[in-house]
Amino acid sequence: MEQTSIIVAGRVFIPADDIETFIAEAQATYPIAAANPGNVLISFCVEDAAAGTVTVLEQWASQKALDRHLATPEVMALFAKWGPRMRNEVRKFDALNERDPRS
C-alpha cells in the first residue's frame, strides 16, 4: 500500500516589526514536531524581513500526525496569537510518488 505524505507549504506575512518575535515563537515548536513520530520536516524561514515574509515548509507522514501536531497546546497558542495578525497563504498538499527531483 502506498503511503501519502502531507506537505504543508507556502508563505505567511507578518508585520515586519514583529518578524523576529514570530520566527522565534514559530521555531520554538520544532521540538514539539520532532517529538511527533509522524514529523518528517518542519521549517519556518524568514524570506524577506522587510516585507515580513516567512516561508513555511512541513512534511508529515500522515494526516493523523499533522492533526496531532496542530492539537498541541503550543501550536494552538501560536495560531491564537498570530492568526489574526498574519496573512496566511500556506496550503496543504497530499504527496504521492516521492522521488529524487533529479530523476
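This is a predicted model: local features need pLDDT of at least 70, side-chain atom pairs count only at pLDDT 80 or more; totals for chains, interfaces and linings use all residues.
Let's start with two strands: S1 and S5 run antiparallel and are joined by 5 bridges. In this talk, strands (E, at least two residues) and helices (H or I, at least four) are DSSP runs, numbered from the N terminus, and two strands pair if DSSP finds at least two bridges between them.

Residues are numbered from 1 along each chain as its sequence is written, and side-chain values use heavy atoms, with hydrogens and water left out.

Now, S1, residues 5-13, also runs antiparallel to S3, with 8 bridges between them. Here alanine 9 faces leucine 57, and valine 12 has valine 54 as its bridge partner. Valine 12 also stands opposite asparagine 88 in S4; that strand, residues 87-88, is antiparallel to S1 and joined to it by 2 bridges.

How many of the residues of S3 are buried? Of its 8 residues, 6 are buried, where buried means under 20% relative accessible area, exposed over 50%, and partly exposed in between, with a 1.4 Å probe and protein chains only. S3 pairs with S2 too, antiparallel over 8 bridges, and there leucine 41 has glutamine 59 as its partner. In the hairpin of S2 and S3, with 4 residues between the strands, glycine 52 has a positive phi near 70°.

Another positive phi, near 65°, belongs to asparagine 97, a residue other than glycine. Asparagine 97 sits in the segment after S5, and it counts as partly exposed because its relative accessibility is 48%.

Last stop, the largest pocket, with about 300 Å³ of space. A pocket is an open set of points on a 1 Å grid over the protein atoms alone, where a 1.4 Å probe fits, with protein on both sides within 12 Å along at least five of seven lines; lining residues have an atom within 4 Å of a point. The volume is the space filled by probe spheres set on the points, which are joined across faces, edges and corners. Of the 19 lining residues, Val8, Val56, Glu58, Phe79 and Val90 lie nearest the centre. Which element gives the largest share of the lining? That is H4, with 4 residues.
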